[in-house]
Amino acid sequence: MKTNIHNLIRKGISTKTIGSRILYYKEVDSTMTYAKQKIEEKYPEGTVIIAEQQTKSRGRLGREWISLKENLLFSVLTSIPITEASYLSIIASISIVRALKQTIGITTRLKWPNDILIQNTKIGGILIEGYSKNDTNWNIIGIGLNTNNSPNLKTKIPPNNLKEITGNRIDNSLILNSILHELDSLYIELKKGIIPIKEWKNHLSTLGKKIIVNNEKEKLEGIAKDVDKAGRLIILTNDGRKIKIHSDEIIHQDLPLN
Ligand code: BTN
């Protein structure tokens, strides 16, 4: 399947909802901000906003995301009930895992809730932002994948890129096309009430690991036992408590093996 982003835009893709419109920009501050603007301009559910470069990209928990040239950076407009928004991060991460397997044959793991890992390194992340407009709940899914470049950061899970891992230059349009197809079918199923928790759990490298939870109130240590139906992480703390977290930052004490 040979494709490029301009072909996707010109001819469209054979999805039902995700990719209903595809907008492409050379440079934006953040595709998240543009996505919000597109909601104001009444673009439909499924609209995809892609940028070659971002000058103010954002990551989870108020962090900065470092956008580099030739990487895949995009946002998708979705609209589901506010109570179901947490499922979006589940389906987005599964769509990336599936797409990377299909297009370049690579197996990825997930650090809860949605960091994309390969061999103890981070190759991508997902950010979900909610937005209400005239009684309609909108959620913007933002995906950043280090396909051809990665920043030089000294983080516990260091950044990496797919070109470095595979030894080949990565065709962003091929991966984008595959993610959008997978996301489309998962999104349609989600609207019918089908939540792929089992598949997500199979990809989660966090389960069974010793972890540290860093939140504003306290620093907790324990074992990541399971996830519940809403995607919250169930932790057995070292002092014997069973707690659930839904968006805090966690640190794997024992790093994933794959
Ligand atoms: C994370 O791991 O913290 C999530 C990173 C999400 C980055 C993407 S890049 C496209 C979209 N635009 C942004 O400003 N952020 C998301």
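How much space lies in the largest pocket? About 770 Å³. A pocket here is an open set of points on a 1 Å grid over the protein atoms alone, with protein on both sides within 12 Å along at least five of seven lines, and its lining residues have an atom within 4 Å of a point. The volume is the space filled by probe spheres set on the points, which are joined across faces, edges and corners.

Before going on, a note on the source. This is a predicted model, where local features need pLDDT of at least 70 and side-chain atom pairs count only at pLDDT 80 or more, while totals for chains, interfaces and linings use all residues. Residues are numbered from 1 along each chain as its sequence is written, and side-chain values use heavy atoms, with hydrogens and water left out.

Back to the largest pocket. It is lined by 36 residues, and Arg63, Glu64, Trp65, Asp115 and Lys122 are the closest to its centre. By class, that lining has 15 nonpolar, twelve polar and nine charged residues. For these classes, Ala, Val, Leu, Ile, Met, Phe, Trp, Tyr, Cys and Pro are nonpolar, Asp, Glu, Lys and Arg are charged, and the others, Gly among them, are polar.

Now the ligand. Where does the ligand sit? It sits in the largest pocket, meaning that more than half of its atoms lie within 2 Å of the pocket's grid points. Around the ligand there are 20 residues, of which Ser30, Gln54, Arg58, Arg60 and Lys122 come nearest; to be near, a residue needs a heavy atom within 4 Å.

In Lys122, a side-chain N or O atom is 2.7 Å from an oxygen atom of the ligand. In Gln54, a side-chain N or O atom is 2.9 Å from a ligand nitrogen. In Thr31, a polar side-chain atom lies 3.0 Å from a nitrogen atom of the ligand. The ligand has 420 Å² of accessible area on its own, and the protein covers 97% of that; the areas come from the Shrake-Rupley method with a 1.4 Å probe.

Which element gives the most to the shell around the ligand? That is β6, with four residues. Elements are DSSP runs numbered from the N terminus: helices are H or I with at least four residues, strands are E with at least two. By class, the shell has seven nonpolar, nine polar and four charged residues.

Next, the second largest pocket, with about 530 Å³ of space. Of its 23 lining residues, Arg60, Ser89, Ile128, His246 and Ser247 are the closest to the centre. β6 gives the most to this lining too, with four residues, and α3 (86-104) also supplies at least two.

Last, the backbone. Most residues other than glycine have a negative phi, and most peptide bonds are trans. Leu61, in the loop between β2 (48-54) and β3, has a positive phi near 55 degrees. Trp112 and Pro113 are joined by a cis peptide bond, with omega about 0 degrees. Pro113 is in the loop between β4 (109-111) and β5 (115-118).

Technical notes:
Polar contact = N/O pair within 3.5 Å; in protein donor to acceptor, adjacent residues only side chain to side chain. 1 Å grid on protein atoms, 1.4 Å probe; cavity = no way out; pocket = protein on both sides within 12 Å on 5 of 7 lines; lining within 4 Å.
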